Amino acid sequence: LVNLSEVAAFSVPSYACQRRTTLENHNTVLTDALSLLAENAELSEEDGRGVAFRRAAAVLKALPKPVASMTQLRGLPCLGEHSLRVIKDILENGASSEVESTKQSERYKALKVLTGIFGVGARTADRWIRDGIHNLRQLQDSGPTLNRAQQAGLEHYDDLNQPVSKSDADAIGEVVEKAVVSVLPGAHMTLIGGFRRGKLTGHDVDFLITHPEEGREVGLMPKLVSWLESQGFLLYQKTTRNSYLESKDGPARPASNMDRFERCFSIFKLTKEEKRGTKHPETLTENGAQTPDNGGLDLDLDLDQTKPAGHKPWRAVRVDLVVSPISQFAFALLGWTGSKLFERELRRWAGHEKSMSLSSHALYDNRQSKYLRATSEEEIFAHLGLEFVPPSERNA
Ligand code: DCP
Ligand code: MG
């Protein structure tokens, strides 16, 4: 007997921003496979193929249960010939030969290791591979010139390739919050990125900072960075004018507010004191957590059951800070909460279906030739004619 509910075809809307995608994924084997092919395409600078695999994976993430047969996939959007072949291979043989051979390939392994260095992108990694550099040892031996970011990335390689936990994110959040209110009373900070979507781990921690009075946020970033630096919290930082709009996908451009919008890429030094601070606030005063860059914390080492003895009493964590004027806050919040594919799909929806241009600064309506204001994410979804999707359901 055939269980009809198992073979009934699935149905999902075509844009990821029309769907609710929680972290509960019933098809991890399939989505991991497609994500690996997406990653490999991105690392090979084949962005079109990368997006196609990301979209296919996202459709499977939105399904209410595991895929049992190919017939259930009939009529689903975004599943191209190539993705369907990979899925079929896995359903029939337990694994995809293409995925397995990609994983084993020297080129993929080298690209992964080299782009695992903060500051090294696909292009740099490709150049190094063509020069015969496939791993960190060869990189150190042949010594190509590294920029400041890459030097820091190499120095903290192991830490930065370890997932960041939510409790680490919260501990850093407390420090950043303290810094923000010290340098600009009344300013406030929001956790964005994957942690806002409810993820339990991330590759970095992202924060958005604003002030309720328009204009008060001007000059905030340098002060914030100085405060953190003076307290010994930063192992590396580079502050830039936000370059989001210059990316391929970002057309909307409110001219005057542009240079107020800043971003800081940093490597944060998270000490045991800060980690513990969130869990046992009562120990803060006893242990003098007010001087976080204290080098003498090594004495505490044995107390930490989670680390082998002799391990340094701190870890490096990638932290991104973004400052936005309050007038753009809702757009920044929506634009920096992700997931990356959800963001991409929102912009595609806006452009293709609504003739609007969405960025993390503004929403422009091309038909009415005007910017549409919003003070909340809900209003932006409404402008776009979309049902509101809360952060925890944007995990496409
Ligand atoms: N973002 C974007 N385009 C950029 C930079 C960022 O759309 N050029 C948005 C989408 C991301 C969010 O900012 O979700 C944060 O970027 P991350 O790379 O930190 O992504 P996540 O926080 O989602 O993932 P992770 O958990 O790996 O940090
Ligand atoms: Mg992140």
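View 1. Residues up to four places away in sequence aside, L63 touches F10, V12, H26, N27, L73 and L76; a contact here is a pair of heavy atoms within 4.5 Å. The model is predicted, so local features need pLDDT of at least 70 and side-chain atom pairs pLDDT 80 or more, whereas totals for chains, interfaces and linings use all residues. Residues are numbered from 1 along each chain as its sequence is written, chains are lettered from A and ligands numbered from 1 in the order in which they are written, and side-chain values use heavy atoms, with hydrogens and water left out.

The largest nonpolar core has 38 residues, and L34, L60, L63, L73, L76 and W128 have the most contacts inside it. A nonpolar core is a set of buried Ala, Val, Leu, Ile, Met, Phe, Trp, Tyr and Cys residues joined through side-chain atoms within 4.5 Å. Buried means under 20% relative accessible area, exposed over 50%, and partly exposed in between (1.4 Å probe, protein chains only). At least two residues of this core come from each of helix 2 (28-43), helix 3 (47-61), helix 4 (81-93), helix 6 (106-115) and helix 7 (122-130). Helix 2 supplies the largest share, 7 residues. Helices (H or I, at least four residues) and strands (E, at least two) are DSSP runs, numbered from the N terminus. In soluble globular proteins, nonpolar side chains tend to be buried together.

**View 2. V175 on helix 11.** V175 sits in helix 11 (residues 166-183). V175 counts as buried because its relative accessibility is 7%. Neighbours within four places in sequence aside, V175 is in contact with W227, L228, F233, F268 and E274. V175 and L228 are 53 residues apart along the chain, and their C-alpha atoms are separated by 8.5 Å.

**View 3. The shell around ligand 1.** Ligand 1 is surrounded by 16 residues, of which G194, K199, H203, D204 and K340 are the closest; a residue is near a molecule if one of its heavy atoms lies within 4 Å of it. A polar backbone atom of G194 is 2.8 Å from an oxygen atom of ligand 1. For K199, a polar side-chain atom lies 2.7 Å from an oxygen atom of the ligand. D204 also places a polar side-chain atom 2.7 Å from an oxygen atom of ligand 1. On its own, ligand 1 has 570 Å² of accessible area, and the protein covers 81% of that area. Accessible areas come from the Shrake-Rupley method with a 1.4 Å probe; for residues, only the protein chains shown count as cover.

Two or more shell residues come from each of helix 12 (193-196), helix 16 (329-337) and helix 17 (340-354). Helix 16 gives the most, with 3 residues. By class, the shell has 2 nonpolar, 8 polar and 6 charged residues. Ala, Val, Leu, Ile, Met, Phe, Trp, Tyr, Cys and Pro count as nonpolar, Asp, Glu, Lys and Arg as charged, and the others, Gly among them, as polar.

**View 4. D320 in strand 7.** D320 belongs to strand 7 (residues 314-323). With a relative accessible area of 2%, D320 is buried. Residues up to four places away in sequence aside, D320 touches D204, V205, D206, F207, R263, C264, F265 and S266.

**View 5. E217 in a loop.** E217 lies in the loop between strand 4 (205-210) and helix 13 (220-230). E217 counts as buried because its relative accessibility is 0%. A polar atom of the E217 side chain lies 2.9 Å from the backbone nitrogen of G215. A polar contact is a pair of N or O atoms within 3.5 Å; within protein, one must be able to donate a hydrogen and the other to accept it, and residues adjacent in sequence count only if both atoms are side-chain atoms.

View 6. The peptide bond from G338 to S339 is cis, with omega near -5°, and S339 is in the loop between helix 16 and helix 17. C78, in the loop between helix 3 and helix 4, is not a glycine but has a positive phi of about 65°. C78 counts as partly exposed, at 27% relative accessibility. S369, also not a glycine, has a positive phi of about 50° and is found in the loop between strand 9 (363-365) and strand 10 (370-371).
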